[in-house]
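Student: I would like to learn how to read a strand pairing, a sheet and an interface. Could we work through a case?

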Amino acid sequence: MATTHGIDTGGRAPALEARGLTVHYGQKRAVHDVSLVVPTNQVVALIGPSGCGKSTLLRCFNRMNDLIPSARITGEALFRGQDLYDDAVDPVEVRRRIGMVFQKPNPFPKSIYDNTAFGPRIQGVDGDLDSIVERALRSAALWDEVSDRLRDSALTLSGGQQQRLCIARTLAVQPEILLMDEPASALDPIATQRIEELIYRLKRDYTIVIVTHNMQQAARVSDYTAFLYMGELVEYGPTDTLFTNPAEERTEAYVTGRFG
Amino acid sequence: MVGVVALAVLLGDVVMDGAGALDRRFLDSFASRFPERAGIKAALWGSVWMLSLTALVSFPLGVGAAIYLEEYAPRSWVTRAIQTNIANLAGVPSIVYGILGLALFVRTLGLGRSLLSGALTLSLLILPVIILASQEAIRAVPSSIRQAAYGLGATRWQVVRMQVLPVALPGILTGTILALSRAVGETAPLIMIGAVGFLAFTPGSVMDPFTVLPLQIYSWISRPQEEFRALAAAGIIVLLAILLGMNAVAIVLRNRYQRQS
């Protein structure tokens, strides 16, 4: 099937795919004609200087841009072969299957338990919430630190713990794909390391797209890397190749730190 | 400073005049032409009824309007026009609302000179204030919370009900209480729609005629006998106690809100 950029998706429809995706905010063009595939159970990193459109591209994949009135999207964003922007597709359903973790930890001003249980609750899950919460917190490597104070406010946690709580909260909805928008940029190095280890473990069960401006991070956690510049996809390929032997001069200039 | 001193002197004067007349009998007697038998029972209960009815009408309407304008309304010129109008309505003199209430509720809808007419009129009067205060509170909820909830697949209503409103509620309540305390002190629009100054029973239904504290005070002050002045002063003390109590609740709510965030 799709084999753009020489990426083998094993004959299955890729987890995510963009085809000629263009995004405008009002008159301003944020993403221009981007096409790429995200294979299942792989980690794809989106890198590029500030304002290059990497976050905008990420937000197209779970229709978070719908919340910005001036955003206009053309082209296709496909989830397992189905266009996410088809009229028949409900954005609420999309966001339940494609979860998102934001740049700054943004727990709800509620208890740790209620934060984790929010997603299942709004979906009307009234089965064993306790075990769902425990499983999500274990998956996010947070359970051991908070198991004895689930009723405490989430705001009492440290920044790194809050971000892992936000990941747990997203996992509790059992999405198929995780979108992460610079999940470690507001954290200290140790908390960042824990998030990266977590991403590595989550890869077994989830397809992950991560936006980062930290190139070492992209090199450490991702299987494939896309370099965006001024809204255009400059280069996309296996992370090793992109960092050690880039095809484009602009990519090389960026990954070697000559600009950005 | 001059203002504070003047206010203190005024309050002191009122308390000295009224303290003697303020007792249980005063609170538990109806109006009378004999000052030693007159009390504020009808006015006090009228104010309580009026306050409750006004709150019942204006709170859901005001908060609903604020939620719509902040979370649902498209950013169009119509919305902007509505927004501008609400801000202007907050500055319209209360007597104008009285005239509107007389024409609309008393006459056109045939509700008569009833509690209900009065409460609806006062609701119109304080709605702009409640809407503006609620909008302010809703806008102060960090957008990161909304994003997080949407990102988890919440519908717009779930985001509003489960995340935005709980955080905004203290601010909304503060604004509503302050608006209601304005309504408690209003006289002009209620005179306009025909509240009576002399009433010997407490309201039994929303269609009954009514009087309220400021009106009772006004009618006593306009009498020539010295004794009624003392009664008016005592009535003012009761009204002030209610107003200060409501403002205290608003301040407590606001402080708790600030400590949380």
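Tutor: Start with one pair: strand 3 of chain A and strand 9 (residues 224-229) of chain A are joined by four bridges in the parallel sense. Two strands count as paired if DSSP finds at least two bridges between them. Helices (H or I, at least four residues) and strands (E, at least two) are DSSP runs, numbered from the N terminus. This is a predicted model, in which local features need pLDDT of at least 70 and side-chain atom pairs pLDDT 80 or more, while totals for chains, interfaces and linings use all residues. Residues are numbered from 1 along each chain as its sequence is written, with chains lettered from A and ligands numbered from 1 in the order in which they are written.

Student: In strand 9 of chain A, which residue is the bridge partner of Leu46(A)?

Tutor: Ala226(A) is that partner. Strand 3 of chain A also runs parallel to strand 8 (residues 207-211) of chain A, again over four bridges, and there Val44(A) stands opposite Val209(A).

Student: How many residues of strand 3 of chain A are buried?

Tutor: A residue is buried if 20 or more other C-beta atoms lie within 10 Å of its own, exposed if 12 or fewer, and partly exposed in between, with C-beta atoms placed from the backbone. In strand 3 (residues 43-47) of chain A, five of the five residues are buried, so the strand is largely enclosed by the rest of the structure. Val43(A), Ala45(A) and Ile47(A) cover one side, and Val44(A) and Leu46(A) the other.

Student: What is the order of the strands in the open sheet of chain A?

Tutor: The six strands have the order 6-7-8-3-9-10, with mixed pairing. Strand 6 and strand 10 (232-238) of chain A are at the edges with a single partner strand each, so one side of each has no neighbour in the sheet.

Student: How many residues of chain A are in contact with chain B?

Tutor: Contact means that the C-beta atoms of two residues, placed from the backbone, lie within 7 Å. By that rule, 19 residues of chain A are in contact with 14 residues of chain B. Elements of chain A that give two or more residues to this side include strand 6 (98-101) and helix 3 (112-122).

Student: What does chain B consist of?

Tutor: Chain B has eleven helices and zero strands. Of its 261 residues, 41% are buried.
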